[in-house]
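Keep the viewer open as you read.

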Amino acid sequence: MPRKDLTIAEKIAILNEVKKQLPNTSQRQLAEITGVPKSTIARIIQHQDKLRNEWNLLKKGGQENSQKRKREGKDPDVERALDKWFSTVNRRGMRVSGSMLKTKRVSQRSLLKSWATTISKQQMVGCLDGKQGLV
């Protein structure tokens, strides 16, 4: 059977179908009923609480069918700054390419790192001078 990435909506539909079956239905039978490999059924059932929580969060945000996988950036501060920049540029009607995003991500990351370093040094100097309490 060829690999197929399932959306969260499809996984929730499978969970709902599994829930309709008798409690002693084997995973092999569930795989036949749903048309999904047995290993996928096992993984979906194992992570059903996590999937339902993600589904509820996506429903609140109005993105039920838009994602197959949950993707997160390595640095949340950079991702927020990049998202804000993208929204601003997009509102102005400019097209954004992948290379533009990569370049902006690198510049945002270095800007935030230098800002964080400056803030940390200022806090340390303030603590040494007795002007600030220890954090």
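First, some ground rules. This is a predicted model, so to speak of local features a pLDDT of at least 70 is needed, side-chain atom pairs count only at pLDDT 80 or more, and totals for chains, interfaces and linings use all residues. Residues are numbered from 1 along each chain as its sequence is written, and side-chain values use heavy atoms, with hydrogens and water left out.

Now the big picture. The chain has six helices and zero strands, where helices are DSSP runs of H or I with at least four residues, strands are runs of E with at least two, and numbering starts at the N terminus. Along the sequence that reads α-α-α-α-α-α. Of the 135 residues in the chain, 19% are buried; here buried means under 20% relative accessible area, exposed means over 50%, and partly exposed is in between, with a 1.4 Å probe and protein chains only. Take the contacts between residues at least 6 apart in sequence, and 50% of them join residues at least 24 apart; a contact means heavy atoms within 4.5 Å. The accessible surface comes to about 10,700 Å², with 52% of it belonging to carbon and sulfur atoms; such areas come from the Shrake-Rupley method with a 1.4 Å probe, and for residues only the protein chains shown count as cover.

Helix α1 covers residues 8-20, and its 13 residues should span 18 Å at 1.5 Å a residue, since the expected span is 1.5 Å times one less than the number of residues. The end C-alpha atoms of α1 are 19 Å apart, which agrees. Which residues of α1 are buried? They are Ile8, Ala9, Ile12, Ile14, Leu15 and Val18.

On to packing. Two packed helices are described by the angle between their axes and the distance between the axes. Axes are lines fitted to C-alpha atoms, for helices over the stretch in contact, and angles run from 0 to 180 degrees between N-to-C directions. The axes of α1 and helix α3 (residues 38-46) come within 10 Å and cross at roughly 90 degrees, so the two are roughly perpendicular; that label covers 65 to 115 degrees, while under 35 is roughly parallel, over 145 roughly antiparallel and the rest oblique. In this contact, Lys11, Ile14, Leu15 and Val18 of α1 meet Ile41, Ile44 and Ile45 of α3.

Helix α3 also packs against α2, at about 105 degrees with the axes 8 Å apart. That makes α2 roughly perpendicular to α3. From α2, Gln27, Arg28, Leu30, Ala31 and Thr34 meet Lys38, Ile41, Ala42 and Ile45 in α3.

Zoom in on Ala31, in helix α2 (residues 27-34). Is Ala31 buried or exposed? Ala31 is buried, with a relative accessible area of 12%. Beyond its neighbours within four places in sequence, Ala31 contacts Val36, Pro37, Lys38 and Ile41.

Finally, look at Arg52 in helix α4 (residues 48-61). At 26% relative accessibility, Arg52 counts as partly exposed. Leaving out residues up to four places away in sequence, Arg52 touches Ile12, Leu15 and Asn16. The C-alpha atoms of Arg52 and Lys11 are separated by 9.2 Å, though these residues lie 41 apart along the chain.
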